[in-house]
Amino acid sequence: MNDPQFVASGSVRPRTASADGSGTGPPTLSRATVLLLAVVCGAAVANIYYAQPLLPVISRALGVSQGAGGLVITVSQIGYALSLALLVPLGDVLERRRLVTVLLGLSALALLGAAASSSLGLLLAAIGVVGATSAVAQIVVPMAASLAPDHQRGSAVGTVMSGLLIGIMIARTVAGVLAQIGDWQLVFVFAAVLMAALAVTLRLLLRPVPRSESSTYPQLLRSVPALVRGESLLRRRMALAAVGMGCFTVLWTASSFLLAGPPYEFGPAVIGLFGLAGVVGAAAAARAGRLADRGHGRRVTTGGLVLLAASWPVLAVAGVGGPSGLIALTAGIIALNLAQQSLLISHQSAIYRRVPHARSRVTTALMVSAFAGATVASALTAALYPFVGWPGVCGLGLVIALVGAGIWTLELVHPSPAEPPAESSAAVRHPVGAGRVSSCREEVGCA
């Protein structure tokens, strides 16, 4: 088994015959495998979002201000971003089943540490480790892209990424319900048990996944900046990913404070239910991957940015309270989550098609940028909310969205040149059998 295949019983369909009859065509990724990868992504990344609807409860329990309590989200995002930079590239040089199960096990231990925390300092330390280990989700995404044939790649990535975002939204609902039944510590105990169960399940169901690179880890890390320098398309998509994730984080950090205070004064269970509105947007965004497969990736990006900006005036109405405020909040959540997910799928489809020999590393670059944007946005939101309230943070979200619109306008006016794909470095070679990329443009849908 020389190819970097994800192998589960019955999960990868037999290879189809190639045009020359050699029988070495790409395998078709089964629906069961795609769904399994989506579940892993969603469950893993949910760990850094359980705390969002619990921020008021955690702040009161630990005797800290809302601004200080908001640091729980900021620290988890920092841990996630650092892990994206340092751990995700390992998906190219280590056996993936072992890497994934180890990270899930460490996440379970860190979640138990969070549940046992009696002070904000201890909680922040544990949450930092939870954030770092949750980056396992971004090891699975390029795996799906590598397994899928060209005509199914966008769809596979879209489904897996929809699973990721649905996991985030369901995490809010689960956290709210469990906190209402017991307390906030119960949420982290539940998450720890789930991670341990997934680690055991994956170990039993998956066979080893060979590495796709023979270079050393330091060489691999040095290759990431080289890819960023050599690919203007990647750089612009990184900036747009930061914008989208920044808007996403502003919404979900501030909405907990809005719903917990006047005029709503909801408990954590009700606050968590608003995550279900985000599920609607995430599920609808799966179509974005299919559109990308058909060569409409740039249109998906344009539509996503327009919807992202338009969602903020709608969300601002939620500050008035009452039924009209709740309707506006629900509609805004659906619109923003649909926009963010569509954008992220479009970004990944474009860069995976552009640099197929380094999908784990371009995932690192894209997602580090995205979560750097999320970290800055969460810190700004936690700091500004006590002073400017809901209308002020909606203004912040709109400004961020308009920055993204400006970046994309630059791309439309001066498109990224169709230069040959950047080599990772002189020391990092393509794996044997890796495909080559033509210099075709993204908008024509070539692979």
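Glu411 is buried in this predicted model, with a relative accessible area of 2% (buried means under 20% relative accessible area, exposed over 50% and partly exposed in between, with a 1.4 Å probe and protein chains only). Helices are DSSP runs of H or I with at least four residues, strands are runs of E with at least two, and both are numbered from the N terminus. Arg236 counts as partly exposed because its relative accessibility is 21%. Glu411 also forms a salt bridge with Arg298, where the closest N and O atoms are 3.1 Å apart. Here too distant parts of the chain are linked, since Arg298 lies in helix α15 (residues 297–316), 113 residues from Glu411. Arg298 is buried, with a relative accessible area of 12%.

Arg354 belongs to helix α16 (residues 322–354), whereas Glu231 sits in the loop between α10 and α11, 123 residues apart. With a relative accessible area of 1%, Glu231 is buried; Arg354, at 8%, counts as buried as well.

Residues are numbered from 1 along each chain as its sequence is written. In the predicted model, local features need pLDDT of at least 70 and side-chain atom pairs count only at pLDDT 80 or more, while totals for chains, interfaces and linings use all residues; side-chain values use heavy atoms, with hydrogens and water left out.

The protein chain contains 17 helices and zero strands. Of its 447 residues, 58% are buried. Among contacts (heavy atoms within 4.5 Å) between residues at least 6 apart in sequence, 82% join residues at least 24 apart. The chain exposes about 16400 Å², of which carbon and sulfur atoms supply 68%; accessible areas come from the Shrake-Rupley method with a 1.4 Å probe, and for residues only the protein chains shown count as cover.

Six aromatic pairs are found in a search of the whole structure. Rings of Phe, Tyr and Trp (its six-membered ring) pair if their centres lie within 6.5 Å, and planes under 30 degrees apart count as stacked, over 60 as edge-to-face and the rest as tilted. Trp184 and Phe188 form an edge-to-face pair, 6.0 Å centre to centre with 85° between the planes. Both residues lie in helix α9, four residues apart, about one turn of the helix, and both are buried. Tyr264 and Phe266 form a tilted pair, at 5.6 Å and 40°. Tyr264 counts as buried at 9% relative accessibility, whereas Phe266 is partly exposed at 25%. Ring pairs also link Tyr49, Phe248 and Trp252 into a cluster.

A nonpolar patch on the surface has about 770 Å² of accessible area, and its residues include Val102, Leu106, Val177 and Val189. The elements that give two or more residues to the patch are α5 (96–115), α8 (153–181) and α9 (184–205), with the largest share, four residues, coming from α5. Patches are made of residues with over 30% relative accessible area and no salt bridge, like charges being joined within 9 Å and nonpolar side chains (Val, Leu, Ile, Met, Phe, Trp, Tyr) within 5 Å. Val189 lies in helix α9 and is partly exposed, with a relative accessible area of 34%.

Technical notes:
Salt bridge = Lys/Arg side-chain N within 4 Å of Asp/Glu carboxyl O.
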